[in-house]
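Hi,

Here is the structure I promised to pass on. Have a look at it first, and then read my notes below.

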Amino acid sequence: MQRLIAPSSIGTIWRYALFGCLWIVLSDWALARLNLDPPLYSLWQTYKGVIFVTLSTLLLYLLLARAEHQNRITQTELEESEATYRLIFENNPLPMWIYDLETLAFLAVNDAAVDKYGYSREAFLAMTIRDIRPTEDLPLLDQDLSTTTRPLNYAGEWRHRRRDGTVFPVEITSHQLTYEGRAARLVVAYDISERKAAGDALAASEERFRRLAENAQDLIYRYDLLPTPHFSYVSPVAEKMTGYTVEEHYADPHLGMKLIHPDDKPLLAAVIETGPGEDGRLNLRWQRKDGGLMWVEQRNVPIFDEAGRLIAIEGIARDVTAQRQMLEKLRQQSAAVQAAANGIVLTDAKGIIEWVNPAFTELTGYTLEESIGATPRELIYSGMQETSFYKDLWDTILAGKVWRGELINRRKDGSLYTEEQTITPVFNEEGQITHFVGIKQDISERKRVEAEREDLLKRLQAQAEQMAQIMRSVPEGILLLDAEGRVLQANPMATRQIAQLGGVNVGHLLTHLGDQPLAALLAQPSDDRAWREVHTGNRIYEVTSRPVESGPIPAGWVLLIYDATHERTVAEQLQRQERLAAVGQLAAGIAHDFNNTLSVIVMYAGMMRKLSHLTERDHERLATIYQQALHASQMIGQILDFSRRSILEFQPLDLLPLLKEQIKLLRRTLPESIEITFEATPGEYVIRADPTRLAQIVMNLALNARDAMPNGGTLRFALTRMEFVAHQETPLAGMASGNWVRILVSDTGVGMAAEVLARLFEPFFTTKAPGKGTGLGLPQVYGIVHQHNGHIAVSSEVGKGASFLIYLPALDVGRNDLAVASGLAEMAHGQGERILLVEDDPALRTALVELLTLWNYHIQEAANGEDALAYLLKADHPIDLILSDVVMPKMGGVALLHSLGQHKLNVPVILLTGYPMQEELENLSALGLCAWLTKPVDTQQLARAVITVLQTRTKKKAT
C-alpha cells in the first residue's frame with residue numbers, strides 16, 4: 001500500500017505537535033503560578049490563545065518552508081540521477097533493455113540493442129522477450145523466468161535471434177527494478193560469438209597439435225613448475241622409449257628426475273632451477289624401466305609468465321644412443337691426434353698454418369703441403385660472415401680465451417659447408433700466446449637435421465589456420481577416413497576428387513575410387529608398390545593409404561590422391577620424342593656420306609641425259625636412276641624432318657594463299673570421289689616458316705586422308721587464328737600464351753584404333769601393305785611442326801575418320817614484309833672464272849669438277865681445308881670463288897672459313913652440307929659465307945648460287 005504522506009511531511013507534523021504540547025503545558029503552569037482572579041485569568045487565557053496561534057503559524061511557516069527547500073533539493077538530485085541513468089543506458093555499447101515482469105513486454109531498449117538485433121525501437125517496444133528467442137529455447141526461457149528470484153541474476157549463456165533470423169550466443173545479466181511504477185528487469189546482453197569461435201578454433205588447433213605430437217617418433221613433453229611441479233603433457237612414445245606409461249608420468253611429478261642417470265641429475269636440476277640454456281639443448285643418460293641405459297638429446301624451450309617467472313619447460317627428447325655409441329667408439333679408436341675424426345689445424349700466433357691433420361684435408365680438400373704457410377682465410381674463407389664476426393673471434397682468442405662457434409667455410413672445390421669450430425690459445429711458460437689450435441667439425445648434416453627438427457616443432461605449435469592453408473595449397477588430394485570409410489576431412493583438391501571418383505562429399509561413406517573398391521586401396525600390398533592406380537574415364541590417378549594408429553580417430557586412414565594424367569601424357573610424349581631423336585641422330589650421322597653418294601648419282605645421271613647419242617631406252621634408264629636418287633634424297637630429308645635435324649629456310653609466310661594454292665593442286669590430283677572443302681575465319685595468318693616444308697605437311701596429310709577414303713569422302717581444311725592470354729588454359733600441354741594459327745585437316749575415312757594412334761608418329765610404323773608406304777610421312781609432319789615451334793594433336797575413332805590439329809605461332813607483320821617465292825633461275829654458264837673446289841669424297845669431287853667445267857669454269861681441286869688454304873697462300877692466279885664441303889678430315893669448311901679471315905683472304909665461299917647444322921651456317925655470313933646448299937646438290941640451285949655470288953663480287957669490284 002502506497003504512503004499517503006511523504007516522510008519529510010511526517011517530520012514536520014511531529015515537530016508542530018511537540019510545539020503545541022509544550023506550549024499548553026508551559027503556559028498553563030505559568031498562569032497557575034500567578035494566582036489570578038477569574039476575570040483576569042480568563043483574559044490571560046485569551047491572550048495565550050492569540051499568542052499560540054501567532055507563534056504556531058510562524059513555526060508552521062518556517063517548518064513548511066524548510067520542507068519545501070529540502071523537497072526541491074531532492075527533486076533536483078532525482079532528475080540528475082535519472083538523466084545519468086538515461087545517458088548510461090542509451091550509450092552503453094552492450095545491448096540493454098527493460099522488460100515487464102508480468103507481460104514480458106519490452107519497456108525500453110538502447111541504441112546498441114537496436115543495432116545488434118536489427119529491429120527498430122518501435123518494433124522492439126511492440127514485442128516481448130520471447131520474440132527474440134529461438135522457438136526451441138522458449139520452454140527453457142519459461143523455466144528460467146519462473147525460477148529467477150534474485151534481484152541481480154547472472155543468467156549465463158543463451159541464444160538470441162536477430163530480425164534476419166540469424167541466431168547467435170549471448171551472456172545475460174539482469175537486475176530487478178521498478179520502472180514507471182511497474183515491476184521490471186534491466187537486462188544486459190553480451191555477444192560471445194567471437195569468443196566461442198575462437199574457443200572452437202583453439203580446440204581444433206589443440207586437437208591437430210595433439211594428433212601430430214602423438215604420432216611423432218620423438219618424445220614431446222611439457223613440465224609445469226608452478227604452482228606445483230608436474231607433467232601436463234607427455235606424448236605416447238614415452239612408453240616405447242622409457243618403459244613408463246604416460247599415466248605413470250602424470251602420476252609421478254618426479255619421474256623425469258628418476259629417469260636421469262645419477263651422474264647426470266645435476267644437469268637437469270640446473271635446467272629446472274635456472275631454465276635451459278640459449279639453444280635449449282641438453283644431452284643426458286636415461287635409465288629405462290627395465291634398467292637399460294640410453295642417451296637422450298633434449299631440446300628444451302622455457303615458458304615464462306607475464307611477470308617473467310619460469311613456469312614451465314616444453315621440449316622434445318630424442319633417443320641418440322646409437323649416435324653416442326658411435327661417437328664413443330670413434331673416440332676410443334682415436335688413440336692419436338693424427339687419426340682424429342675432426343679436422344685439426346695448428347697455427348702460429350699470427351694465424352699462419354704450421355700443421356693440419358688428414359681430417360682437415362678430407363674436410364676442406366687442401367693437403368698438408370698446400371696448407372702450410374697459408375692462413376685459414378686464404379684457404380677456406382667464404383665471405384658468408386660479417387667482418388664483425390671475425391673481429392669478435394680474434395678479440396676472443398687474443399684475449400687468451402677459447403672461442404667456440406659455427407661458421408660457413410668454402411672447400412677447395414668451391415662448395416660451402418658449415419663447421420663447428422673451437423679455437424684454443426696455447427701459452428708458453430711466460431704466459432704468452434705462441435699458437436692456436438683449431439678443431440673443426442663439419443656440422444652441415446646436423447644443421448640440416450636441426451633445421452628439420454625445429455621446423456617440426458614450429459609446425460606442431462602452428463595455429464589451425466596455418467595448417468588449413470597448407471592443406472588447401474597442396475596440389476594432391478588428402479583426406480582422412482574413419483574405420484568405416486567415412487570421409488572426416490578433405491582438402492579442396494580431395495573434395496573435388498572424391499566427388500568425381502566416388503560420388504561423395506565430406507561426411508559421406510566412401511565405397512570406391514574410380515574403378516577400385518576402397519577395401520582394395522586400403523589393403524596392404526603384396527609387393528613393394530605403395531601407390532595404386534585408379535582409372536576413371538580418360539584420367540589416371542595414383543592413390544596411397546596410411547593407417548592412423550593413434551590419436552582421436554583410432555583405426556582411421558589417411559589417403560593421398562595424385563592426378564597422374566598429365567605426367568603420364570608427358571612421359572609418353574618424352575618417350576616418343578626420345579625414339580624420334582634416336583632415329584634422327586642415326587639419320588644425321590649417315591646423311592653426309594649418303595648425300596655425297598646421291599650427289600654423284602644425280603649429277604652424272606643429269607649430265608648423261610644430255611648426251612645426244614643415247615637411245616630412247618638409255619634416256620628412260622637414266623631418268624629412272626635420276627628419279628630414284630631424288631627419291632632416296634627425299635627419304636633422307638623426311639628422316640631429318642621428323643627428327644627436327646633438317647635445314648629450313650624460315651621467312652614470313654601468309655598461310656592463307658599457300659593453303660589455297662595447295663588445295664587447288666589437290667583438287668586436280670586427288671580422285672573426284674573425294675570432296676575437298678576449305679574455310680577460313682577472317683584475320684591474318686602470317687607465320688615464320690619454310691614454305692616448302694609447310695607444303696609437305698599439307699600434301700602428306702592429304703595423301704594419308706586419300707588412302708583412308710578408298711571409296712571417297714570429304715577432306716576438310718580449316719584455318720583459324722586463336723589467342724590465349726596469360727594463365728589461360730591452352731588446348732595442348734606445353735603451349736604458351738599468345739597468338740596462334742590453327743590448321744585443321746580432317747577426313748571421313750576409316751579412322752584409327754587407339755593402339756594405332758599411340759604409335760602414329762613413330763618412324764617406319766605403317767598400317768599400309770608392304771610397298772604401299774614407308775612409315776615416314778606422319779613422322780615427317782611431326783618433325784616439321786616441332787621445327788616450327790608448333791604443336792600437333794590427333795583424334796580419331798574407327799569408322800569416324802580422323803582430325804589433325806596443327807598449332808603454329810602467329811607472326812604480326814605487315815603484308816609487304818611477306819616473302820614471295822621466286823622460280824628457279826635458268827641454268828647459267830660462267831665466263832672462265834676460277835673456282836677452288838674443296839671436297840674430300842673423290843667421286844663427288846670428280847663429278848663436281850666435270851659439271852663446273854661443263855659450265856665454263858676453271859676448277860682447282862683440294863681434298864680438305866688444309867690443302868685449300870696452302871694453295872691459296874701460294875697461288876699465282878686469284879681465286880674468284882671457293883666451293884667447299886663442310887665436313888672433311890684435317891680441316892672442314894667452317895674451319896677453312898675462319899682461316900681465310902685470319903689470313904685476310906677475301907674470297908667468297910659457298911658451303912655444301914649433307915649434315916644438318918643450320919645454326920652454325922647462319923652465324924658465318926660475317927666471315928665471308930655467301931651461300932650454302934644442301935646435298936645431294938641440285939644442279940639448277942648450284943648454277944644459280946655460283947653465278948649469283950660471282951656477279952655480286954664483280955659489282956663490288958666495279959664500285
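Start at Arg404, which stands opposite Thr422 in strand S14. Keep in mind that this is a predicted model. Arg404 belongs to strand S13, residues 403-410, and S14 covers residues 416-427. The two strands run antiparallel, with 8 bridges joining them.

Now try looking at S13 from both sides. In a regular strand, side chains alternate between the two faces of the sheet. Here the covered face has Trp403, Gly405, Leu407 and Asn409, while Arg404, Glu406, Ile408 and Arg410 sit on the uncovered one.

Next up, the aromatic rings. How many aromatic pairs does a search of the whole structure find? It turns up 11. One of the pairs is Phe389 with Tyr390, edge-to-face, at 5.5 Å centre to centre and with 85° between the planes. Phe389 counts as partly exposed because its relative accessibility is 23%, whereas Tyr390, at 17%, is buried.

Trp394 and Phe436 pair up as well, also edge-to-face: 5.9 Å centre to centre, 90° between the planes. This pair connects distant parts of the chain, since Trp394 is in helix H15 (residues 387-398) and Phe436 is in strand S15 (residues 433-442), 42 residues apart. Is each partner buried or exposed, or something in between? Trp394 has a relative accessible area of 33%, so it is partly exposed.

The charged end of Arg133 is over the ring of Trp158, 4.8 Å from the ring centre. Arg377 does this with Tyr381, its charged end lying 4.1 Å from the centre of that ring.

Last stop: Ser371, in helix H13 (residues 368-371). Its relative accessible area is 0%, which means it is buried, as the cut-off is under 20%. So what does Ser371 touch, leaving out residues up to four places away in sequence? The answer is Ile353, Val356, Phe360, Tyr366 and Leu379.

Happy browsing!

Notes: Residues numbered from 1 in each chain as written. Predicted model: local features only at pLDDT ≥ 70, side-chain atom pairs only at ≥ 80, totals over all residues. Heavy atoms only, no water. Buried < 20%, exposed > 50% of the residue type's maximum accessible area, 1.4 Å probe, protein only. Helix = DSSP H or I, 4+ residues; strand = E, 2+ residues; numbered from the N terminus. Pairing = 2+ DSSP bridges. Phe/Tyr/Trp six-rings, centres within 6.5 Å; stacked < 30°, edge-to-face > 60°. Lys NZ or Arg CZ within 6 Å of the ring centre and 35° of its normal. Contact = heavy atoms within 4.5 Å.
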